[in-house]
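Q: Could you go through this one with me? I have the sequence and the coordinates open and would like to ask as we go.

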Amino acid sequence: MIRDQDRFRQFSRRALLLAGGKLALFSTLAARMYYLQVIESERYRTLAEDNRINLRLLAPPRGRILDRNSLEIAANQRNYRLIIITERAPNIETTLDRLSQLIELGEHDRRRVLRDVRRQRGFVPVTVRENLEWEEVARVEINTPDLPGVHIEVGQTRFYPYGHAAAHLIGYVGVVSAKEQTGDPLLDLPSFRIGKNGVEKIHDLRLRGRAGRSEVEVNALGRVIRELSRREGQPGDEVRLSIDMDVQAMAHKRLGEESGAVVVMDVHTGEVLALASTPGFDPNAFNKGISRDYWQELMKNERAPLTNKAIAGQYAPGSTFKLAVSLAALESGLVSPDHTTFCIGHLQLGNVRFHCWKKGGHGRLNMEGAIQHSCDIFFYDIARRIGVDRIAEMAKRLGLGQVLGLDLPGEKPGVIPNRDWKRAVLNQPWHPGETLIAGIGQGFVLSTPLQLATMAARIANGGYAITPRLTRVEPQEDQAVIAEGEEAAPANAFAELKIAPEHLDVLRRGMFAVSNDPRGTAFRARIREKGWEIAGKTGTSQVRRITLAERETGVRKNEDLPWKERDHALFVAYAPAHAPKYAIAVIVEHGGGGSAVAAPIARDVMLETLKRDPASGGRRLVREARAGTTESRGD
Amino acid sequence: MLSGFYKQPEMTIGQKLAEMNWGLVALLTLISSIGFVMLYSAGNGSFHPWALRQMLRFAMGISILIALALVDIRFWLRYAYVIYGVALFLLVVVEIAGDIGMGAQRWINLGIINLQPSEVMKIALIIVLARYFHSLPEEAEGKLRYLLWPALLALAPAALVMRQPDLGTALMLLMVTGAIFFMAGVRLWKFAVAIGGVLAAIPVAWHFLRDYQKNRILTFLDPESDPLGAGYHILQSKIALGSGGVFGKGFLQGSQAHLNFLPEKQTDFIFTMLAEEFGLTGGLALLGLYGLVLVYGFSIAIRAQSHFGRLLALGMTATFFLYVFINIAMVMGLVPVVGVPLPLISYGGTSMLTLLIGFGILIGVNVHRDMVIGRSPRMDGP
């Protein structure tokens, strides 16, 4: 029994020790709890919120692009997307079978859907097809009870109602590439499209808008439980262009199958009304990612459908360049307006013979006549008299040989050669013969249709250095300018080129004769409507060398040549001849003669432009105000 | 047979019921009710799928508790080796033919319930060790060779459980054994030697651990090393606890638990959920209630007249303590993740049953506290 009592005492002692140990361990737990829940609580609270809340970006609707009359050139179209939520579709195969009876569903789509279904978690929607037709949507909606897990989602895709007609101008949107990532999370959205070319690219930031955000509560698998807050995005700004889509579409249609470009411009404001380039392409094809076949087709086409020829096509201006040469000669003071030459069909310089396009020669011509007939000998002569540097200087004043800063990517500067240029670029001295070649717009000279239209506009508006622009000079803006009176007007005015009006008159009379004198090179492409007469200059630029042997046996006709060797047809003009409003430049690549091919297109497009001219409001007032300043300057 | 070694007159059922610790029963019911509330929350505000079933199990368990509390503790003394033998046999059976569950062989499917022999062993080992030390002749006390047999009694099931593999339960068996050895009066220097031996054996033991067990230990040592992999559970658990703050996010408002960031929220990590929704306040309150249960356990152990009763009561209390400590320490990242449930609160029939059986025996010790039992049952015969 004593032993038992010892045992009991020892037991009690040890029980106390054990209890103490347990108390210590419980205290450890309590201390740890205090550490986590009080001292470190803030940190864990943040982590818990990070776990719980996902920030989702809402893509803003892209801004529309409108023409001057508010026609939509680029809009957003509802995109009906068919999706399946796997966890709500007990049997995917059966559902797809039923769907294929309702809508077109290729074997390829089917395999992709089944693959996605296997990869994704059950609540992640899998896209079955995009861009459903309305009838297809209706068929699916009616059969929803038999299609568990199938839903129609409405998204937005970019849509270009005019398709090919404005493709180069507007550009297109496409999936954001790795290079275009700027760290803006909006660009990471799979549905986000970025402007890849044309206006879409230049004004991308404006058109994009600001993303909305939605805070959603998600569970550990990423499933959305509920939306906590939502801030709608700001839709992209609308961009209103100076383009008149009807003129643009007409120009595109008029060029037809040809490879070429048309530029129509307001001679007073520089607003571009049409900027057409053919062949076009389908900008809508780029939205979802272009198909390989279509891309290959575009790349292989020798007529370069992806190039905007109006701003990036560089051509020898041919005889249209004679306008710049004439003005350079008159302004130099070395050639008087009454200067004449006698054309016998060729001109000898040293031991080289330079030919006129007319084999028998034109006889005696003054400058007006030389422009009207486009006599090469006259321009050889005056070019030789003034030298290439003066020609180059005037060409640049008229807008050639430089990037004019139209709001489009890919504008090319062209080439206006002078002696320095040749030494710098080719490291060769300038030959006098090259001055003669430059005098008729051949040789090194290259210009874009946009530059040629600008040149015509600057001649037509009385020597104001207008620059082309694609955005509209807003009518209300104009009205305000007029309302404020005379002082405000110069804000809109362009710098004067300081060309003597009487010299410009020589050119204008010559250009009028080109189109309106029965012996003019473009008489057949004149505008007959009274008061709307056109004044222009034809050009035919040679793309191959005519050999001496060929000249003797007779120059081959264009139709007999392969397409690539045919001449480019050009025409620059303005109208109405007596109160210039619009300038136009047309080029048809390898089209043949300027008078036969380019001039009729220019005539038709110009006529359309004049018909659509709103003879109303502030725009006319501005014109009159400008005309007034021109006249007062002339006094 | 039983009446053969009764010294005291038999107590009536009524007397026994009156002697039961109803306060402890109420306390256990209260803790279990907290469990129901948490399981209701874990079911996203629904009695399904967990809370209702847990309530039914508790009702069943509490009946068994009352029934076992009435059983004379000499019954456990007499059949200690039989009970231990059956438990050991069942462990061997699962080893041979056990179903695969959770990547480990732990269950015997009896059709109605899944029997977990390791749980049976937790009780059986306490009973058999209590009997051994109770019956140890006086002259044997303090002699090393008399510790070999009880050590073997503990190591055999621990090794089998380890093979399942269930590291947590194996360690619990060994720790309870340690507690009983300690209470039985084994000299402290022997513990020191044993602990030294265990530390020396760690590098050897490391080779016998399964990969996932090694991972768990490594993850415990550096949970942030692999936040999406093995460290995920413990990291999310700490986030849930910490974000609960002092007063918690409110009932049914625990974002970590309800959005499934918290793993196993209805079983092993239910304490985390409680601490997320009710904060430090709720966590400490529960810890307090558990502490109160331990106080009951110790007072029963101290008041028991028989050495067997004391060791039995203390063994049960120690087991309960280990459950509580390991589970809470685990969810707070203090010990590696081992699958030990939070007693009376975690969803699961087997552990609830084991615990209530243990408490039944504990209360039984209190009911029969004044019983004087001789060292050898056979020597007490008339």
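What follows is a conversation about this structure, which is a predicted model.

Q: How many helices and strands does chain B have?
A: Chain B has 15 helices and three strands. Of its 382 residues, 49% are buried, and among the chain B contacts with a separation of 6 or more, 70% are between residues 24 or more positions apart.

Q: Switching to the interface, how many residues does each chain bring to the contact?
A: Chain A brings 34 residues and chain B brings 39 residues. On the side of chain A that touches chain B, the elements giving two or more residues are α1 (2-39) and α2 (41-52) of chain A.

Q: Which element gives the most on that side?
A: That is α1(A), which gives 20 residues to the side of chain A that touches chain B. By class, that side has 19 nonpolar, six polar and nine charged residues.

Q: Now the sheet in chain A: what is the order of the strands?
A: Three strands form an open sheet in chain A in the order β1-β8-β9, and the pairing is antiparallel. Because β1 (53-58) and β9 (224-231) of chain A each have a single partner strand, they stand at the edges, and one side of each is left without a neighbour in the sheet. From one strand to the next, the twist averages 30°.

Q: How many bridges join β1(A) to β8(A)?
A: Six bridges join β1(A) to β8 of chain A, the latter covering residues 212-218, and these two strands run antiparallel.

Q: What do β8(A) and β9(A) form, and how many residues are between them?
A: They form a hairpin with five residues between them, and in the turn A:G222 has a positive phi of about 90°.

Q: Last topic, A:A457: is this residue buried or exposed?
A: A:A457 is buried, because 32 other C-beta atoms lie within 10 Å, and a count of 20 or more is what qualifies a residue as buried. Its place is in helix α18 of chain A, residues 449-460.

Q: Leaving aside neighbours within four places in sequence, which residues is A:A457 in contact with?
A: Those residues are A:M265, A:V267, A:I466, A:Y574 and A:A583. A:V267 is 190 residues from A:A457 in sequence, while the C-alpha to C-alpha distance between them is 4.6 Å.

Definitions and conventions: Residues are numbered from 1 along each chain as its sequence is written. Chains are lettered from A and ligands numbered from 1 in the order in which they are written. This is a predicted model: local features need pLDDT of at least 70, side-chain atom pairs count only at pLDDT 80 or more; totals for chains, interfaces and linings use all residues. Two strands pair if DSSP finds at least two bridges between them. Helices (H or I, at least four residues) and strands (E, at least two) are DSSP runs, numbered from the N terminus. Axes are lines fitted to C-alpha atoms, for helices over the stretch in contact, and angles run from 0 to 180 degrees between N-to-C directions. Two residues are in contact if their C-beta atoms, placed from the backbone, lie within 7 Å. Ala, Val, Leu, Ile, Met, Phe, Trp, Tyr, Cys and Pro count as nonpolar, Asp, Glu, Lys and Arg as charged, and the others, Gly among them, as polar. A residue is buried if 20 or more other C-beta atoms lie within 10 Å of its own, exposed if 12 or fewer, and partly exposed in between; C-beta atoms are placed from the backbone.
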